[in-house]
Amino acid sequence: MSVTLISPKHLSDLCGKNRAVDLFDVRPAGDYAAVHIPQARSLPFDQLDAAGVRSQRMAPADEPVYLVCNAGVMSRRAGEKLTAQGMTNVISVDGGTQAWVAAGLPVVHGASKAISLERQVRIVAGMLVLVGVALGYFLHPGFLGIAAFVGAGLIFAGVTNRCGMAMLLLKMPWNRPRSGT
């Protein structure tokens with residue numbers, strides 16, 4: 001399944017025409033709170049379904065649904081998910097929020113000091129490797145298996161573009177939306 005892409009500039013032009021545009025940011029709530037496109041509404045990937053999107057639409061049903069994430073990968077996956085659930089006319093922002101910012105387009109900066117999910121994964125992976133190597137050196141070589149397991153997980157994530165550690169971190173309380181957001 002292929003999802004249509006739109007450039008940040010083209011979407012910005014559409015948003016500037018004073019018409020309703022359904023733009024959903026599929027990043028975790030903390031990433032959205034830190035910085036997001038002004039017209040975007042938060043709908044994290046793990047909560048995304050076609051019925052939920054339809055219920056939150058402001059534009060007419062025949063208008064496209066636009067999806068954005070950090071770099072464009074997750075929003076394409078979200079588009080594939082919605083298309084598989086029967087939605088048509090789903091469009092992903094090419095390059096995501098990073099491309100939007102790089103194009104010099106306006107964003108909303110929140111007061112959130114949350115660490116992005118990508119950085120959380122790097123911190124946890126690095127910590128697990130360091131602990132595994134230290135325990136393997138000082139206590140028992142079997143602990144080196146921790147570092148090997150993390151390395152295998154990173155390779156798997158790179159090849160499949162699906163990260164088990166990120167999925168686990170999304171379930172942590174600091175990555176869940178707070179009531180009222």
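This is a predicted model: local features need pLDDT of at least 70, side-chain atom pairs count only at pLDDT 80 or more; totals for chains, interfaces and linings use all residues.
Local features need pLDDT of at least 70 and side-chain atom pairs count only at pLDDT 80 or more, while totals for chains, interfaces and linings use all residues. Residues are numbered from 1 along each chain as its sequence is written, and side-chain values use heavy atoms, with hydrogens and water left out.

User: Which residue in β5 is the bridge partner of Asp-25?

Analyst: Helices (H or I, at least four residues) and strands (E, at least two) are DSSP runs, numbered from the N terminus. Two strands pair if DSSP finds at least two bridges between them, and strand β2 (residues 22–25) pairs with β5 in the parallel sense over 4 bridges. The partner of Asp-25 in β5 is Val-68.

User: What handedness has the β-α-β unit made by β5, helix α4 and β6?

Analyst: Strands β5 and β6 (residues 90–93) run parallel, joined by 3 bridges, and Val-65 stands opposite Val-90 in β6. A crossover is right-handed if, with the strands pointing away from the viewer, the path from the first strand over the helix to the second runs clockwise. The unit of β5, helix α4 (residues 73–84) and β6 is right-handed.

User: Within what arc do the buried residues of α1 fall?

Analyst: Buried means under 20% relative accessible area (1.4 Å probe, protein chains only), and in helix α1 (residues 8–15) the buried residues are Pro-8, Leu-11, Ser-12, Leu-14 and Cys-15. Seen down the axis of α1, they line one face of the helix because their directions from the axis to the C-beta atoms fall within an arc of 160°.

User: Which residue joins its side chain to that of Ser-92 in a polar contact?

Analyst: Ser-92 lies in strand β6 and is buried, with a relative accessible area of 0%. Contact means heavy atoms within 4.5 Å; beyond four places in sequence, Ser-92 touches residues including Leu-67, Gly-72 and Arg-76. A polar contact is a pair of N or O atoms within 3.5 Å; within protein, one must be able to donate a hydrogen and the other to accept it, and residues adjacent in sequence count only if both atoms are side-chain atoms. At 2.6 Å, the partner of Ser-92 is Ser-75.

Definitions and conventions. Buried means under 20% relative accessible area, exposed over 50%, partly exposed in between (1.4 Å probe, protein chains only).
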